[in-house]
Each structure stands twice: as C-alpha cells, then as structure tokens.
Amino acid sequence: MRLFPKPSVFALLLAFSASHAAFASTPSAKSLTAYQEDAAKAGVIFDLPQWEKTPAQIQATTEIAISVGDGRLKAIAGRKPEQMTFANTIAALDYAYYPVSAASYRMSVIQETSPDKRLRDAALEATKTLQKWFIDASFRQDVYQAVKTVAAAKPALKGEDAMYFKTVLRDYRRNGMELPKAQREQLQALKNRLNNLQLEFQTNITEANALVEFTREELEGVSDDFLGNKEILGDDGLYRVNANVTWQVLEVLRNAKKEETRKRLSIARSSRAMKENTPLFTEILKTRAKIAKLLGYDNWADYRIETKMAKNGKTARDFLQNLSKGLAPKFEQELATLAGLKAAATGDDKATIHYWDIRYYRNQLKKSRYQIDTEKLKVFFELENTLSGMFSIFEELFDIKIEAVKAPYKWVDELRLYAVTDATSGAPLGLIYMDMFPREGKYNHFAQFGVTPGKLLPNGKYQRPVVALVCNFPPPANGKPSLLTFDHVETLFHEFGHALHSVLTQAGYLEFSGTGVPRDFVEAPSQMLENWVNNKQILDRFAVDYRDGKSKIPAETLDKMEAARLATIGAHYRRQLGFGLLDLALHMTTDEEVFDNFIAFTNKIMSDTYIQVPENTAFVASFGHIGGGYDAGYYGYAWADAISADMASVFRQAPGGLMDKTVGMRLRNEIYAVGGSREIDESIRSFLQREPSLEPFFEHIGLKKN
C-alpha cells in the first residue's frame, strides 16, 4: 500500500559488495484532442489535469481529493463482514488512495516549479495536508479491520493481485497496526511530525539564498559563454554565481583557475540552508529513530530497507564498505596524480588536493593527458539537436512515438509537453512535461516528478500517466542556443529513462505503476541508458557541431573520454560511497549524541571516505536526498549501478548492440511495463534471460573480480 506518493541479484551484489522560447509556438505541435480517438480505441484515458492557478484553487483541490478519498475508505469499512471481498476491500484501497495521490503529485510539481511564490507556499501547505491524510488514513482501525476480515478468508489470488495483497498486509504490519492504541497514536503523531519536518527541510534547500560575488579576474578560466549569461553578470560588472544552481557551480569548479575562487564557491555550496536545516535535521533523525523503535526495529535503516532488495542496513553497509575498500588503491593513485598536476600548476611540490580542487584538476587531467576539453565539446550538444536525437533513439528502441503537444496551460512560457504513443498500435501511453531551465524558487537539480499516476480504473479504462521532468540546463545566452556538457547529456538520458519507466507502465495498481519498484532498483534502468551517450554510432545520430551542422565527435575523442572516465572513476565512486556510508551511519544508530552532532559526525565520514570537507560547513544540511525520500537509501545508486551494468551488457552482446530492438522491447515489457507488480528479482532475470552477473560492473569500474 503506497502510503506516500513517490515524487521522484541480491546474492551477487553481496558477493562483490566490493532557442528554447521559439519552441512554445512550434506549428508542428499537435493538439491533445488529436489523440482522443486512438485513446478511445485503446480503452485508455489520455488527458492532462486541470492545473491550479490560485491558492484558492489549490485549497479546493485539496479538500475535494480528501473528501473523495474519505468517501471511498468509508465505503470499504462500512460493508458487512460477509460482504467483504478482495475486490471491494483490498483492491479498493488502491482506488481510495488514488485521488489524493494524484492531487499530491500535482502539488509537489507546483511547489517545486511555480514562478509565483504564493502558489509555491500554498502548494507546500496543501502537500502537508495531503500527506497528513495518507498517514491518518493508514491508521484507520475500521479499514484495517476490513482488511483483516478478507485476510482471514485467505482468498485465492495470483499475479499482481497476490503481490498487492502481500504488500498491503506488509505495510499495515510496518505501520504498527497491531500495537496497543496508545502506541499507535504516538506513532501516528510522530509520522505526521516527520512529514512536516522533511517538507520544511526540502523547502529550505530550494529557497536557499546562496549568491557568491566574483570579479572577472577571480573567474579566470571560466568560459566567455558562462560569463556573458545575463543571470550571472550584474549591471555593476560583478558576477554572481548561485551556489544553489548545480550547472553554475560545476562550470566554476571545473574551470576557475584561482583556488580561492573555487574554495569560496565550494564553501558556499556546502553551507546552503545550514542555519535553518541544522536543528531541523537533528529533530528529523530523532523522530525517525523513535518511529523505528516503536515499530520494533533496531534502527531507521533496518525499517526503511526492509522493503528493498538489500533487506537491512548491514547488507547495504557491507556492500558500500567492501566496494570502498576495493577502490582504495585506485583512489589513492588518482589523488596522487591530481596532486602532481596541482604541484606543476602552482610550483608547490608539496601541493595537496582539497575538496574544491577535485573537479578542476580532473578537468585539467582530461585536457593534458587525454586532450579532452569539455567546454569545446558543448558545441556538439545543442539542446534541440540532443532532444531530437534522444527521442529518435528511444522511438526506435521501444517502438514508440514521441511528439510535441500544445500544452493548454503552462506555468512558464518555455514549458514543453510531449505525447508518447505506441508506434505499432497508435495507443496513447503517456504525457511528459519538460521544464528545462533554472529560475528563482525552482527545484535546483534534475528529477522526474509524477503528475498523474497510471492506474487501471474500476470501469476497465486505464488512466495513462503524466509526468514532469524538472531540469536546470544552461539557458541560451550571448546569441547562442542552450549548449549542454557531456555530463548534462548523460543526465538527460538518465532522467528521460525515469519518464519512460513511468509512461510505459502497464501495472494495474497505483502502488506498482511506473517507478513503483524497490528504491535500490529504481535507478538501474535509467543509469543503464547513460551508456548510450558513450557510443560513437549512437552519438553520430545527433551530436553534430551546431555551427556547421555536419562535424561530429571523432572516435578517438570518445576513446579518450572513456580512458579519462576510468582514470578518475575511483574518485567518483568514493564520493558516492561517502554519501551512502554517512547516510547509513546516521540511520543505523539511535545515539542522540550523534544526532545532536551530526555535522561533525558526517563530515568525518565524508573526509575519511573521500576527501577532507571544508571546515565549518554542513553539506548534509542541503543534502536533499536524505532529508526525505532517499534516507537510508543513498546506497541504492551504487547498488543499482551494478545491476544497470549487467543490463547494459545484454544490449552490447546482442546482434544490434545498443540499438537491438528485440532487447529494447524486452526492456520495455519486462522492466518498464511491469513496474513493481512482481518480485523485482523475477523482472531482472526475465530481462537478462539468465542469472545476474557482476562481471560487467567490474569492467565498468575498472576492477577485476578476485
């Protein structure tokens, strides 16, 4: 039972453990009504929600959704015991939660994207109210009694119904419904408090004011394109870099020659929301620990991970620690290489690499040893070409069509909307909004957000999903179009992979549709698609110098890029492992002294695993992942990496390589379409058509299995 809307093997893993504005009026964009005939034939609902445009409308939507949800729960609980069946009690739960989930999804998008602060604030309050409803609804004793009545009858179920029944019973157990009334009430209050704390934590990050002023001299080495951006250059001649906008931070940390510049920006980045979120996060940690204790778990990590592939905190931690240990020699060698570059650049034979140096000297290594200039590569990744190329790749691979649609309502003028349909049958599959560029008050990273979840409705029609990709790519500037870095292109393929996971779903229950899979698997299908960006034949389909329309990236450049990736992959993974280890360390303890001093505690883990973090900073205070959503779950990125490497190897070994249509359709049918409607190990094996292997992962990270 999905108590909260999602925004957004095992044994083998243990074995290693080791020109955007013009788009808005593009005449070729179709009307949404053009799809309705095919939707009717396919028996699906293919439409957009009515977006709330005022605080009053937000409040009205919230009240209506709750009223409908309450009415459906009342109907479930109000039947006589002898009338209760799986269909009208258990399956009906998913339908009862649906309107509140859909409203909550939409409120999250408004909260994170609306240019109007009044709407963002109203959406935040609505989200608090809606998520409180989820918590309170999950504690309804009358509904739980109805569920127990059906469970006692032991209905004969199979397939997705059996999976959902098991999930409902599991989630009620994990919700403490067999506890005495006083403890249930305490638990309910704690969960509501935690929900509000987490929402406030995330809002403080989004709204953090983190502008850092620099002179032109201080930004030596940074590209003219960046410096000419109207969002950066002020009328007074000073440059204001927003430490809360990822692409701006990366541009400076990778290219600014002056160490003091990189240091100042790095400290600002690591200090965002520190004042506001430090006391909040302490209370979050204590509240999580109390909830876990009430439910009979040793700690929050064991509670959170129970439903994932890893099953418990120790398994996840062992995986990260063993991987960290295996990468240690390579990591130390990489740091020595980077220190040598710094010594040569500064004339200081004793130069050491600091936290703010890593990205800069990794970039210098690419330039000096591998002759790769990431700034010069951007001309090959003009945004429109890249989008068009990516769409054509996925259209061919998954037998779909991706077409521009005229959005009836836009929260910003440059908002894009795309319809995804089945290329063979014409059946509509889903709609994808794309909000591409940064602005004040907007979510500051990259993510997929649900808008309308997919679900098979009681009338037999399927509500097709709507999602939104919220991105922060560099906007057009200085008469040039939006130009992406290679990393940006990987991110685009990754995030669009999440969107495909959502819109290609065929799962009947809201609980399992789209990305409703274990959190330590959910990144695997998307991470796998990043491999497509490293392939010469695929890149040649769209990576063309926008200035002449024909020059392509030479094969030797891609070979050098792969060599450069392997040359610094130890640093990349040790950073990721540091995040995962500190996340688990915080959530595998119940020591309140740790919670009261989490800054020093986590800074030490990050310093020991990766590199010494800047003094008097608290990057965890702006670490949105563990503020809510990926708490006790950041390990899942590395865990999913191992799975994604294995999945990608299936394509590489197929006759058509990464563009093999047979394997592409198997990915669509066995992973994307199924979602969480069956055990994830079964889905993985069905796609691989063999037992899982870690060998591709070893190759991916430049290590050999011992």
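Strand 6 and strand 10 run parallel and are joined by 5 bridges. Helices (H or I, at least four residues) and strands (E, at least two) are DSSP runs, numbered from the N terminus. Two strands count as paired if DSSP finds at least two bridges between them. The model is predicted: local features need pLDDT of at least 70, side-chain atom pairs count only at pLDDT 80 or more, and totals for chains, interfaces and linings use all residues. Residues are numbered from 1 along each chain as its sequence is written, and side-chain values use heavy atoms, with hydrogens and water left out.

Contact means heavy atoms within 4.5 Å.

Strand 10 (residues 466-470) also pairs with strand 7, in the antiparallel sense, through 5 bridges. Val467 of strand 10 is the bridge partner of Gly450, and Ile432 stands opposite Val467 as well. Thr452 stands opposite Val466 in strand 10. In a regular strand, side chains alternate between the two faces of the sheet. On strand 10, Val466, Ala468 and Val470 lie on one side, with Val467 and Leu469 on the other. All of these residues are buried, and both faces are covered. Buried means under 20% relative accessible area, exposed over 50%, and partly exposed in between (1.4 Å probe, protein chains only).

Strand 5 holds Thr421. This residue counts as buried because its relative accessibility is 5%. Leaving aside neighbours within four places in sequence, Thr421 is in contact with Tyr35, Asp399, Ile400, Lys401, Gly426, Ala427, Pro428 and Leu429.

A further open sheet has 3 strands in the order 1-9-8, with mixed pairing. Strand 1 (44-45) and strand 8 (455-456) stand at its edges. Each has a single partner strand, so one side of each is left without a neighbour in the sheet. Strand 1 pairs with strand 9 (residues 462-463) in the parallel sense over 2 bridges. Ile45 stands opposite Gln463 in strand 9.

In a cavity, a 1.4 Å probe fits but cannot get out; a pocket is an open set of points with protein on both sides within 12 Å along at least five of seven lines. Lining residues have an atom within 4 Å of a point. Grid points are joined across faces, edges and corners, and a volume is the space filled by probe spheres set on the points.

The largest cavity has a volume of about 150 Å³. Of its 13 lining residues, Asp225, Phe226, Lys378, Pro474 and Pro475 are the closest to its centre. Helix 9 (224-227) and helix 10 (246-255) each supply at least two residues of this lining.

The second largest pocket has a volume of about 450 Å³. It is lined by 21 residues, with Leu211, Asn242, Arg439, Glu440 and Gly441 nearest its centre. Helix 5 (117-138) and strand 3 (239-242) each give two or more residues to the lining of this pocket.

Definitions and conventions: On a 1 Å grid over the protein atoms alone, a cavity is a set of points where a 1.4 Å probe fits but cannot get out, and a pocket is an open set with protein on both sides within 12 Å along at least five of seven lines; lining residues have an atom within 4 Å of a point.
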